[in-house]
Amino acid sequence: MKLRRCTTVMFEPREEVRLDFAAMLAGRTEPSTTITWVALAAHLEQPVPVTAAQRELLGGLGSRFWTDARDIGCPPGDWQPLLATGLLISDDDEHAAHRQRDEGMRDGHWWPLAALVHRHARWRGVNSAAQMRDSHMVTVNDLRRQLGAPPPAVQPHPGTYQPLPTVEATGYDQLLERRTTCRNFDAARSIDQAQLAQLLQRTVKAQAVVQMEADTTFLKKNVPSGGGLHPTETYLLVQRVEGLAPGLYHYHPVQHALVALPRHCERPLQDVAEAMLSGQDWFSNAAAHLVLVPRFARTNWKYRNHAKAYRALLLDVGHLSQALYMAATEAGLAAFVTAAINEIDTEAVFALDGVTQSPVAIVGVGWRSDTLDTAEFDPNKVVWP
Ligand SMILES: Cc1cc2nc3c(=O)[nH]c(=O)nc-3n(C[C@H](O)[C@H](O)[C@H](O)COP(=O)(O)O)c2cc1C
């Protein structure tokens with residue numbers, strides 16, 4: 001058997017502070033600190049605790065070149081646990097799944113720190129809404145009470161500011177004013193297929209296809225994209241769109257068309273949406289959810305192992321979400337965006353591998369309800385007069 005270490009691995013000393021009960025019994029309340037070294041690998045979903053000897057062993061092996069297991073220089077009992085966890089990669093069939101995920105990461109040309117950030121920030125089964133409620137961190141007053149005052153909203157520089165004219169508002173200003181994150185959707189009202197189509201047409205549809213070579217195509221869209229690569233796919237969870245069966249879809253930005261995707265579980269769509277949205281029930285009944293999913297290799301093709309590539313990907317998704325908000329608002333619809341999503345559960349819903357493609361944000365659209373149950377930020381009372 002041949003072995004190599006995985007492509008991207010970094011080590012972190014994790015500190016855990018606990019109350020020392022022995023000291024407490026002796027009348028002292030000293031916290032005790034334990035430090036555990038963990039390996040963070042880009043193809044694994046969880047940190048793996050490692051010993052000093054295992055750190056040394058991994059550090060002594062290359063990730064590109066194989067070493068025969070007999071030449072490793074330590075007994076199998078030392079390296080076999082690393083093989084089982086996936087930190088060591090082998091050429092045998094039994095450990096092919098780890099090898100394939102590792103190769104997927106390697107071929108994605110990730111900058112190593114970005115690969116770790118994305119991989120290890122993914123959530124599975126988190127209920128952020130329940131966590132907020134349980135820890136009484138829901139309102140601004142809650143936050144202020146528990147966290148103290150935030151840094152100031154504005155940080156003036158010393159000196160005299162020269163006043164600027166306030167230019168007379170146009171229809172565009174009124175449109176901008178009406179853009180307010182919706183947390184109160186009308187769960188009984190459907191949107192038209194034409195409304196969804198227009199939303200997609202204005203934001204993620206290709207406005208031009210530029211064929212550079214037979215195998216090299218660039219798309220022009222109404223949103224900017226780092227390197228002009230437009231790596232972000234749009235997956236949809238449709239609940240209430242006239243003329244479109246409720247279900248899962250993928251949008252084709254050149255054909256301007258939707259393809260239905262298989263469902264892998266029988267749960268009601270709203271439950272699926274709520275799980276993807278980490279329990280944020282105020283969003284889950286939007287008429288349609290658009291899951292924004294970068295294909296990392298498309299951006300990393302140009303920005304190979306590049307320190308800014310992941311930043312560009314995230315900014316792309318931010319531009320998309322604002323464009324979706326504005327298009328929805330102009331059409332009289334309401335929208336939200338959230339990054340508090342269960343990426344791993346969302347990947348399972350749409351059969352994404354989480355290595356080459358993984359969701360970054362979810363945008364929802366629908367009609368706003370007449371009743372305000374969950375707070376929205378509308379201090380100028382434009383949406384809720
Ligand atoms: C990147 C990003 C993530 C957000 N995530 C959440 C979220 O998880 N839950 C939520 O209720 N709102 C979320 N929002 C909406 C913000 O709370 C909202 O934009 C902010 O309160 C200002 O309100 P406005 O959008 O109505 O101006 C998010 C907004 C952005 C841009």
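## Ground rules

Because the model is predicted, local features need pLDDT of at least 70 and side-chain atom pairs count only at pLDDT 80 or more, while totals for chains, interfaces and linings use all residues. Residues are numbered from 1 along each chain as its sequence is written, and side-chain values use heavy atoms, with hydrogens and water left out.

## Domains

The domain assignment (bounds from an automatic or database source) gives domain 1 as 2–107 and domain 2 as 128–137 + 172–366. Their C-alpha centres sit 35 Å apart.

Helices here are DSSP runs of H or I with at least four residues, strands are E runs of at least two, and both are numbered from the N terminus. The expected span of a helix is 1.5 Å times one less than its number of residues. Helix 4 (residues 96–107) has 12 residues and should span 16 Å, which agrees with the 16 Å between its end C-alpha atoms. Helix 13 (residues 309–330) also checks out: 22 residues should span 32 Å, and its end C-alpha atoms are 32 Å apart.

Just past helix 4, His109 has a positive phi of about 55 degrees; just after helix 13, Gly332 takes one of about 85 degrees. Buried means under 20% relative accessible area, exposed over 50%, and partly exposed in between (1.4 Å probe, protein chains only). In helix 4, the buried residues are Ala96, His98, Arg99, Asp102 and Met105. Their cover includes strand 1 (2–5), helix 3 (76–85), strand 6 (88–90) and helix 5 (112–120).

Leu290 belongs to strand 12 (residues 288–294) and counts as buried, at 0% relative accessibility. Setting aside residues up to four places away in sequence, Leu290 has contacts (heavy atoms within 4.5 Å) that include Leu199, Leu236, Leu324 and Val363.

Pro231 is in the loop between strand 8 (216–220) and strand 9 (232–238), and is buried with a relative accessible area of 0%. Beyond its neighbours within four places in sequence, Pro231 touches residues including Ser225, Val293, Arg298 and Asp316.

## A nonpolar surface patch

Met10, in strand 2 (residues 9–19), counts as partly exposed at 31% relative accessibility. Together with Trp111 and Leu113, Met10 forms a nonpolar surface patch with about 240 Å² of accessible area. Areas come from the Shrake-Rupley method with a 1.4 Å probe, and for residues only the protein chains shown count as cover.

Technical notes. Patch = residues over 30% accessible without salt bridge, like charges linked within 9 Å, V, L, I, M, F, W, Y side chains within 5 Å. Salt bridge = Lys/Arg side-chain N within 4 Å of Asp/Glu carboxyl O.
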